Amino acid sequence: MNNFLILGALLAFLGVALGAFGAHALKDKFAEPRYAQNWNTAVQYQMYHGLGIILVAILSMDSLLGATSLLQWAGYLMFAGVLFFSGSLYILSITGIKKLGAITPIGGVFFLVAWILIMIEAM
């Protein structure tokens, strides 16, 4: 579970970096104002789920829930969710390729399933 701690911290770090990059370096580069909002949404969800992966690492400690397969799946699904959800929004924001919007909900479903798995494990 140490890998989840590292992965979550890396995603949170990149979330801060990408947020700053979008606010400063890309501020006037977005083709449409909604692309700036898409970028911010991608950063926001990446940060939430980076912290979620850190939570998975903490819950996986033997003194809490332990390293269960449900928690492992939750961590992997959160990571996949960041790739699909935030990744597609980052690329959409920069390129304007609207077809990428079809990928974004897949990441959202990954996020939802990950949180459900954590709830099931806690019960």
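Predicted model: local features only at pLDDT ≥ 70, side-chain atom pairs only at ≥ 80, totals over all residues.
1. Now to the overall fold. The protein chain has four helices and zero strands, so its elements read α-α-α-α from the N terminus on. Along the principal axes, the C-alpha trace spans about 50 × 25 × 20 Å.

2. Next, contacts and surface. Among contacts in the protein chain with a separation of 6 or more, 75% join residues 24 or more positions apart. The chain exposes about 7000 Å², and carbon and sulfur atoms supply 72% of that area.

3. The structure holds two salt bridges. Which residues are linked in a network of salt bridges? They are Glu32, Arg34 and Lys98.

4. Let us take the two bridges in turn. Glutamate 32 and arginine 34 meet through their side chains, at 2.8 Å from N to O. Glutamate 32 has a relative accessible area of 29% and arginine 34 one of 43%; both values lie between the 20% and 50% cut-offs, so each residue counts as partly exposed.

5. Lysine 98 also forms a salt bridge with glutamate 32, with the closest N and O atoms 3.8 Å apart. This pair links distant parts of the chain, 66 residues apart: lysine 98 sits in the loop between helix 3 (69–95) and helix 4 (104–122), while glutamate 32 belongs to the loop between helix 1 (2–24) and helix 2 (33–59).

Definitions and conventions
Residues numbered from 1 in each chain as written. Heavy atoms only, no water. Helix = DSSP H or I, 4+ residues; strand = E, 2+ residues; numbered from the N terminus. Contact = heavy atoms within 4.5 Å. Areas by Shrake-Rupley, 256 points an atom, 1.4 Å probe, with all protein chains shown as cover. Salt bridge = Lys/Arg side-chain N within 4 Å of Asp/Glu carboxyl O. Buried < 20%, exposed > 50% of the residue type's maximum accessible area, 1.4 Å probe, protein only.
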